[in-house]
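Hello,

Here is the structure I promised to pass on to you.

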Amino acid sequence: MDIEVLKKIRTPVRRTATELSNSIKIEIEKENASSDFIEELLAKLIDKEKQLENVDKDITILTNMDDLEKEIEKQQEYRDLIITCKVRANKILNKRETESRNTPITSSRSEQQFSSLKLPQLQIPQFDGNILKFSDFFAQFEAAIHNNSNLSDVEKFNYLKSYLIDEAEIAIRGLTLSANNYTIALNIIKERFGRKDLIIDSHMSKLLHLNPVRKSNDILSLRKLYSECEIHIRGLQNCRVNPDTYSSLLYPIILKSIPRDLSLEFTRKSYGQTENMISDLLDFLKIEIQCREKNEHLTKEFNSYDSNPRKETRNYYNEKQNYKHSKFNKYNVDSAYGKNKNTYVPTTSAFVVNVNKCVFCLGNDNKNDHSSDSCPKSIEERKLSLRKTAFVIYVSREAIYFGLVKG
């Protein structure tokens, strides 16, 4: 490789190493310095140190004799900067660890119980070669394994092999377990499954072949459609693809994938806009799905609480009235008509009236010799009679029973 190319590669690595060193110095000088943050910066600095070491070796070999001394001095300057920063960071971390060991236990009982709890061990998912899942996999592997300074390259390679299956495992098959092969395996994995152009094409292909939803009351399918759109759009954003670049392409496709009534509603709301952004369509779809989910939840809660409240109310009312008039039998009915005059039935508790009796003249037996249709009272007098008397009608074969309460 050309020496100029190597120097261009080294420049951003040196810049990053300098920024990490300055960040560590600033954090160390703070009164409440975070040990976790210092460890994180230190791990990144060690990684950059290794990269510089490999690039410096190649540049040293290709450097002319006249410039070799100057080149070595510059390399040593960066090495001294990194070493000084590492020593200071480790000193602070060791001091914090010693203080934590010597600190007496003064925590409360509840705090002791909480500290004794063991959190579940985080598991890195296996990678099968799906390029849409590579970014998530490699980010987790890099944070947990690759940047761990306590692990050797051989151990890291062993972990990497255990996480690869199917096509990903076949890609590095044949590499023996060694420190040099770990770097080779990483490069193979990145070149095979980490290509941004292929990842972008895969996300776009998924968006172009969405499963359409035809019914607006199919909430589960609508939620699935919206989630798929969000997942692949986030994937494109992770690849630094601006949604504005593909909005005009995906906008009509997603609009055709939703039910017609929702499409019409969105078109009505966005009528008059010069540009239709895909973000506006997704926001509209999100609100519609949330409203439908909320409505469905409230409907289920209402139905589970009371499947038929009117029926229960009606049954309770009938039972109450049946209990109130349970004393009315054939004997009492005949007594009210005078067939058994020796039996007394209180007029305030029940009346037995022939169907031909007038309901508006119910309180006046002398004048109640006509039907309701032929009552001589005016409409206002009839209304007044009904207001003064509350009644419940029971229809049987022979008569209408009235339970009366004088007001």
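A word on terms to begin with: buried means under 20% relative accessible area, exposed over 50%, and partly exposed in between, with a 1.4 Å probe and protein chains only. This is a predicted model, so local features need pLDDT of at least 70 and side-chain atom pairs count only at pLDDT 80 or more, while totals for chains, interfaces and linings use all residues. Residues are numbered from 1 along each chain as its sequence is written, and side-chain values use heavy atoms, with hydrogens and water left out.

Leu122 sits in the loop between α4 (109-116) and α5 (134-146); helices here are DSSP runs of H or I, at least four residues, numbered from the N terminus. With a relative accessible area of 79%, Leu122 is exposed. Its C-alpha atom is 9.4 Å from that of Ala144, 22 residues away along the chain.

Now the aromatic rings. Rings of Phe, Tyr and Trp (its six-membered ring) pair if their centres lie within 6.5 Å; planes under 30 degrees apart count as stacked, over 60 as edge-to-face and the rest as tilted. That rule gives nine aromatic pairs. Phe127 and Phe134 are edge-to-face, because their ring centres are 5.6 Å apart and their planes are at 65°. Both Phe127 and Phe134 are buried. Phe137 and Phe141 are stacked, because their centres are 6.1 Å apart with the planes at 20°.

Phe137 and Phe141 belong to helix α5, four residues apart, about one turn of the helix. Phe137 is buried at 3% relative accessibility, and Phe141 is buried at 0%. One aromatic cluster is formed by Phe127, Phe134, Phe137, Phe138, Phe141, Tyr163 and Phe193.

Best wishes

Conventions:
Helix = DSSP H or I, 4+ residues; strand = E, 2+ residues; numbered from the N terminus.
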